[in-house]
Amino acid sequence: MAFDTFMAYVGVYDDVADAEADYQLVKELHTKANLIDAYDAALIERREDGKVKISKKHETPTRAGGVLGGGVGLATGLVVALFPFAAIGGGLLAATTAGGAVLGAVAGHASAGMSRSDLKELGESLDAGQAGLVVVGVSDMGAKIEASMKRAKKTEAKQIKADAAEIERDARAAGAAPAAG
């Protein structure tokens, strides 16, 4: 397998507006550097009932997800690996059987590409805030990504290994699988 090494950057925020502002800075950083296809991002917020909602996301068009039409990339997959019942907007992320299967495939790859202790640490960090920003990007953009997350009360960076071609194959197979039942 040809693994690509990415970095997962997680920022923890006391305020959703701060997380949104940093989300925009990360987006601008990649647009200005002409690297718009080199990252995935998911902005999460804790709802009043304590559940996690993915309120914004950017998925790389050239990696798994963008071409599938489901818009599921490694950042969203990582959020779902950490918070299996995460919601997107007003509805559950896995609203359809095929969508849930694709999401499950990408989440499985995202979590498999990280050590168990790193996953636990990231989940605990995100639990400590009202909002979070998860960015998965190419490792050579790390310092710039972290600098763009300047409003976070805490940031962490963890390595994630993923085989983009295998994610694509698994996501396609999951999306094509017939619904059980």
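In the predicted model described here, E156 is found in strand β7, which spans residues 154-162; strands (E, at least two residues) and helices (H or I, at least four residues) are DSSP runs, numbered from the N terminus. Residues are numbered from 1 along each chain as its sequence is written. Because the model is predicted, local features need pLDDT of at least 70 and side-chain atom pairs count only at pLDDT 80 or more, whereas totals for chains, interfaces and linings use all residues, and side-chain values use heavy atoms, with hydrogens and water left out.

E156 is buried, with a relative accessible area of 10%, where buried denotes under 20% relative accessible area, exposed over 50%, and partly exposed the range in between (1.4 Å probe, protein chains only). Apart from neighbours within four places in sequence, E156 is in contact (heavy atoms within 4.5 Å) with A8, Y9, V10, E121, L122 and S125.

Strand β1, residues 4-13, is mostly covered, eight of its ten residues being buried. β1 and β7 run antiparallel and are joined by nine bridges, pairing being assigned if DSSP finds at least two bridges between two strands; in this arrangement, G11 stands opposite T155 of β7. β1 also pairs in the antiparallel sense with strand β6, residues 131-138, over eight bridges, and the bridge partner of Y9 in β6 is V135.

A further buried glutamate, E59, has a relative accessible area of 12% and is placed in the loop between β3 (52-58) and α2 (74-82). E59 and D40 are separated by 19 residues in sequence, while their C-alpha atoms are 4.7 Å apart in space.
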